[in-house]
Amino acid sequence: MTFLKQHRTTIAVGIIWLFHISGIIGITLGFKDWFLTKTPLNLSICLLLFVLVFPINTLKKAGLFLLFFAMGMFAEWLGVNYGILFGDYSYGENFGPKLDGVPWLIGCFWALLACTTSSMVSSINIPLWGKAILAAGLMVILDFFMEQNAPNFDFWEFEGHVPLQNYITWFVLALLMQLLLLTFRLKGNRTISFHLYFAQLTFFGYFVLVNV
């Protein structure tokens, strides 16, 4: 137990990259359906590692995480059911169980991504508003790469092209979350934050390049 406690960040980072690199290799070799159906498992493990290592261990952190989860779920619910905010789209089957058309994991993803990107920019010596804009921009960049793969991976799909309003809404919601995080001075493990972000960016960026 002492070893695990001392090296939990290293172990968590190794697991995160193992899952993402395995996914890249497996899908590239032709096992696309098998790996993509395991997306909920991969996201759930990443979420668990984030909660344990970031960690979400205070009422303030838990409260903000739950708030962002609720914000993400509500925004996605409006989008899926009424075409408000993001445009007209619907979720596929590879993001796991849904609540009225919205996968539970997408709410978790909003919260996780907000916390990790805030942690990534926290030590940069710029004004608070600059950090908020930068972190929100990082969130939108990852969303951009995910959008390119989402229909092919049966994650979600828009009616036609992804509209500009999707990215604008993402940025506005992300900016609001970042301002809250920075106002409440939420601190977390920057190492796990960087690796969670770049493992996902590497995964989705790779498939944009190879178009599998």
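Helices (H or I, at least four residues) and strands (E, at least two) are DSSP runs, numbered from the N terminus, and by this convention Asp-100 belongs to the loop between S2 and S3. The structure is a predicted model, in which local features need pLDDT of at least 70 and side-chain atom pairs count only at pLDDT 80 or more, while totals for chains, interfaces and linings use all residues. Residues are numbered from 1 along each chain as its sequence is written, and side-chain values use heavy atoms, with hydrogens and water left out.

**Backbone features in loops**

- Asp-100 has a positive phi of about 50° although it is not a glycine, and its relative accessibility of 48% makes it partly exposed (buried means under 20% relative accessible area, exposed over 50%, and partly exposed in between, with a 1.4 Å probe and protein chains only).
- Asp-154, placed in the loop between H7 and S4, likewise has a positive phi, near 55°, in a residue other than glycine, and at 34% relative accessibility Asp-154 counts as partly exposed.
- A cis peptide bond with omega of about -15° joins Phe-54 and Pro-55, and Pro-55 is found in the loop between helix H4 (39–53) and helix H5 (59–82).

- Gly-101 is found in the loop between strand S2 (98–99) and strand S3 (102–103) and is partly exposed, at 28% relative accessibility.
- Not counting residues up to four places away in sequence, Gly-101 touches Val-80 and Tyr-91, where contact means heavy atoms within 4.5 Å.
- Gly-101 and Asn-211 are separated by 110 residues in sequence and by 27 Å in space, C-alpha to C-alpha.
- Lys-98 is found in strand S2, and, with its neighbours within four places in sequence left aside, Lys-98 is in contact with Tyr-91, Gly-92, Glu-93, Pro-103 and Trp-104.

**Charged side chains**

- A search of the whole structure finds one salt bridge, the term standing for a side-chain nitrogen of Lys or Arg within 4 Å of a carboxyl oxygen of Asp or Glu.
- The side chains of Lys-98 and Glu-93 meet in a salt bridge at 3.5 Å, N to O; Lys-98 is partly exposed at 30% relative accessibility, whereas Glu-93 counts as exposed at 59%.
- Lys-38 lies over the face of Trp-34, at 4.2 Å from the ring centre; a charge sits over a ring if NZ of Lys or CZ of Arg is within 6 Å of the ring centre and within 35 degrees of the ring normal.

**Aromatic pairs**

- Rings of Phe, Tyr and Trp (its six-membered ring) pair if their centres lie within 6.5 Å, with planes under 30 degrees apart counted as stacked, over 60 as edge-to-face and the rest as tilted, and by this rule the count comes to 27 aromatic pairs.
- One of these is the edge-to-face pair of Phe-153 and Phe-155, at 5.6 Å centre to centre with 75° between the planes; Phe-153 is buried at 0% relative accessibility, and Phe-155 is buried at 2%.
- The rings of Phe-153 and Phe-207 have their centres 5.4 Å apart and their planes at 85°, so this pair is edge-to-face as well.
- Phe-153 lies in the loop between helix H7 (128–149) and strand S4 (156–158) and Phe-207 in helix H9 (residues 190–210), so the pair ties together parts that are 54 residues apart in sequence; both Phe-153 and Phe-207 are buried.
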